[in-house]
Amino acid sequence: MAVLPIRITGNPVLHTRAAEVTDFGTELATLVADMYETMEAAPGVGLAAPQVGVSRRLFVFNWTDDEERLWRGVAINPELWVSPTPTGEADEQSESEGCLSIPGERFPLRRAELAILRGVDLHQTPFEITAEGWLARIFQHEFDHLDGVLYVDRLEHKHARAADKAIRKNGWGVPDLSWTPGVDDLEA
């Protein structure tokens, strides 16, 4: 297993719809193992293949809920259904998100409270997870990556301006930038 470099916003792979996974061989298993290791080293609660430069429709997740239940898995070629997003401004405390592709920055974003994730695992076994709260948010965030959408693309105007300013200040928004957890001095 290896910790992979994480692409920073501006890299074309992050802003393009990823292709379906068709090969379920050892290369995919290695990629998924490396993605888990990278996510844990970052540390993060989710990581999509485009974030490590692979334009394929899969993401990994690893999160423990308030009841100490571990939600850990890989979603390959996922589908996602969500409830309507609540109206009103996002709460800056409880609804702030970060992203490993925009390290060190957090901005509030309204997300649907409920989500249904369907996909297959490494063995092509179908699964379905009904999620609410933070787990639903994780699924929405990672699924967006597969469509070339970063969470900052969904921010309300005032927060979008702050995100754009932070991206420019850090010199991001250009191709070929990345950081490697445990090597580079960046935090997500």
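Biologist: Where is the place of Asn77?

Modeller: Asn77 sits in strand 4. Strands here are DSSP runs of E with at least two residues, helices are H or I runs with at least four, and both are numbered from the N terminus.

Biologist: Is this an experiment or a prediction, and how are things counted?

Modeller: It is a predicted model, so local features need pLDDT of at least 70 and side-chain atom pairs count only at pLDDT 80 or more, while totals for chains, interfaces and linings use all residues. Residues are numbered from 1 along each chain as its sequence is written, and side-chain values use heavy atoms, with hydrogens and water left out.

Biologist: Back to Asn77. Which backbone nitrogen lies 2.7 Å from a polar atom of its side chain?

Modeller: That of Val21. Asn77 also touches Glu20, Val21, Phe24, Arg57, Arg118 and Gly119, leaving out residues up to four places away in sequence. Touching, or contact, means heavy atoms within 4.5 Å.

Biologist: Which way do strand 3 and strand 4 run, parallel or antiparallel?

Modeller: Antiparallel, with seven bridges joining them. Two strands count as paired if DSSP finds at least two bridges between them. Phe61 stands opposite Gly73 in strand 4.

Biologist: How many residues lie between strand 3 and strand 4 in the hairpin?

Modeller: Five. Glu68 is in that turn, with a positive phi of about 65°.

Biologist: And in what sense do strand 4 and strand 7 pair?

Modeller: Antiparallel, over five bridges. Strand 7 covers residues 114-120. Ile76 is bridged to Val120 there, and Val82 to Ala115.

Biologist: What joins strand 7 to strand 8?

Modeller: Seven bridges, again antiparallel, with strand 8 at residues 126-132. Val120 has Pro126 as its bridge partner in strand 8. These two strands form a hairpin with five residues between them, and Gln124 in the turn has a positive phi of about 65°.

Biologist: New topic. How many residues are in the largest nonpolar core?

Modeller: The count is 36. Such a core is a set of buried Ala, Val, Leu, Ile, Met, Phe, Trp, Tyr and Cys residues joined through side-chain atoms within 4.5 Å. Met35, Leu58, Val60, Ile102, Tyr151, Val152 and Leu155 have the most contacts inside this core.

Biologist: Which elements give two or more residues to this core?

Modeller: Helix 1 (26-41), strand 3 (58-64), strand 4 (70-82), strand 6 (102-108) and helix 3 (157-169). Helix 1 gives the most, with six residues.

Biologist: Take Val60. Which residues is Val60 in contact with?

Modeller: Setting aside neighbours within four places in sequence, Val60 is in contact with Val32, Met35, Tyr36, Met39, Val45, Gly46, Leu47, Gly73 and Val74. There is also a second, separate core of 17 residues, which includes Ala115, Leu135, Ile138 and Phe143.

Biologist: Now Val52. Does that count as buried or exposed?

Modeller: Buried, because its relative accessibility is 6%. Buried means under 20% relative accessible area, exposed means over 50%, and partly exposed is in between, using a 1.4 Å probe and protein chains only. Val52 is in the loop between strand 2 (46-48) and strand 3. Not counting residues up to four places away in sequence, Val52 touches Leu4, Pro5, Arg7, Leu31, Met35, Thr38 and Leu47.

Biologist: And Glu89, buried or exposed?

Modeller: Exposed, because its relative accessible area is 55%. Glu89 is in the loop between strand 4 and strand 5 (96-99). Glu89 and Pro108 are 19 residues apart along the chain, with 8.7 Å between their C-alpha atoms.

Biologist: What joins the side chains of Glu89 and Lys158?

Modeller: A polar contact of 3.4 Å. That term means a pair of N or O atoms within 3.5 Å; within protein, one must be able to donate a hydrogen and the other to accept it, and residues adjacent in sequence count only if both atoms are side-chain atoms.

Biologist: Last one. Where is Thr180 found?

Modeller: In the segment after strand 9 (178-179). Thr180 counts as buried because its relative accessibility is 16%. Beyond residues up to four places away in sequence, Thr180 touches Val3, Leu4 and Pro5.
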